[in-house]
Amino acid sequence: MRINRILLSTTLVIVALITQVCVLARLNLPGAVPDLLLLVVLGLALVYGHTGGALIGFGAGLLADLAPPADHAAGRYALVLCVIGYLAGLARPENGQLRSATGPMLVVVAGALGSTLLYAGVGSLVGDTAASHVGLGHLLFTAALYDLLLAPFTVPLIMAIARRTDNDPMADGSGGGAGDSGWLTPAGSMRTGRGSGRMGRAARIGSQRGGLLTKAAKSRANKAGRIKGVKRL
């Protein structure tokens, strides 16, 4: 990974972890806790791809495993976010363009459900049955709901910052909002680009025609001069 990717990912992961532990975990919401760390991993994976998503997910999950007040085995959440980051990175389009918000929102829902199921599955393998006591169905519903409500305020911004920091050519260089470079590619700007391309081609053709006409006029003038000079002699 590039240095700027590492620095940005580390900063976002640390900020998300502190916010989640100090703020979101203290809200005492029913069911699951809004997983801001998961949303950071998903947003970066949609920009960096499956390899970057897996590495960022593993690092973010390992920090969450070691940060207090973690009460589970170290490496458990690292494994979960590594798998989720890898799968989310596979949803990144090859050309880097996300024309609709539907795709990222589906990735968020799938990531929330998948991380909860994987976390509960790994917990059952190591003897942690806390999920079964709370109710797995209730955890799945609340996790997807909370992350889906939080995603529009976080994922587009994370994707926009990642693209601009990475000098991504798909990022909007005109200083547009996060939605322009993260979720959508406006159709109007595409039409404007095609129109400007046609105007540029027309200008080049016009200049070429003007040059040919100028050369033809000079040639005729030279021929006329030579003919007149012969007649005078």
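Which helix does Y48 lie in? Y48 lies in helix 2. Hold on to that residue; we will come back to it.

First, the ground rules. This is a predicted model, where local features need pLDDT of at least 70 and side-chain atom pairs count only at pLDDT 80 or more, while totals for chains, interfaces and linings use all residues. Residues are numbered from 1 along each chain as its sequence is written, and side-chain values use heavy atoms, with hydrogens and water left out.

Now the overall picture. The protein chain has eight helices and zero strands. Helices here are DSSP runs of H or I with at least four residues, strands are runs of E with at least two, and numbering starts at the N terminus. Of the 233 residues in the protein chain, 35% are buried. Buried means under 20% relative accessible area, exposed means over 50%, and partly exposed is in between, with a 1.4 Å probe and protein chains only. Next, contacts: heavy atoms within 4.5 Å. Take contacts in the protein chain between residues at least 6 apart in sequence: 72% of these join residues at least 24 apart.

Back to Y48. At 9% relative accessibility, Y48 counts as buried. Leaving out residues up to four places away in sequence, Y48 touches R5, L8, S9, I56, R92, A162 and D166. The C-alpha atoms of Y48 and G89 are separated by 7.0 Å, yet these residues are 41 apart along the chain.

On to helix pairs. Two packed helices are described by the angle between their axes and the distance between the axes. The axes are lines fitted to C-alpha atoms, for helices over the stretch in contact, and angles run from 0 to 180 degrees between N-to-C directions. Under 35 degrees is roughly parallel, over 145 roughly antiparallel, 65 to 115 roughly perpendicular, and the rest oblique.

Pair one: helix 2 and helix 3, residues 76-90. They pack at about 175°, with axes 7 Å apart. So helix 2 is roughly antiparallel to helix 3. Their contact has 19 nonpolar, seven polar and two charged residues. For these classes, Ala, Val, Leu, Ile, Met, Phe, Trp, Tyr, Cys and Pro are nonpolar, Asp, Glu, Lys and Arg are charged, and the others, Gly among them, are polar.

Pair two: helix 1, residues 3-22, and helix 6, residues 136-165. Their axes come within 10 Å and cross at roughly 155°. That makes helix 1 roughly antiparallel to helix 6. From helix 1, N4, L8 and L12 meet I158, I161, A162 and T165 of helix 6. Five of the contact residues are nonpolar, two are polar and none is charged.

Helix 2 brings L38, L39, L42 and L46, and helix 4 brings P104, V107, V108, G111, A112 and S115. By class, that is eight nonpolar, two polar and no charged residues.

Is S115 buried or exposed? S115 is buried, with a relative accessible area of 5%. Not counting residues up to four places away in sequence, S115 touches L38, V80 and I84.

Last, cysteines. C22 is partly exposed at 43% relative accessibility, and C82 is partly exposed at 24%. How many disulfides are there? The count is zero, taking a disulfide as a pair of cysteine sulfur atoms within 2.5 Å.
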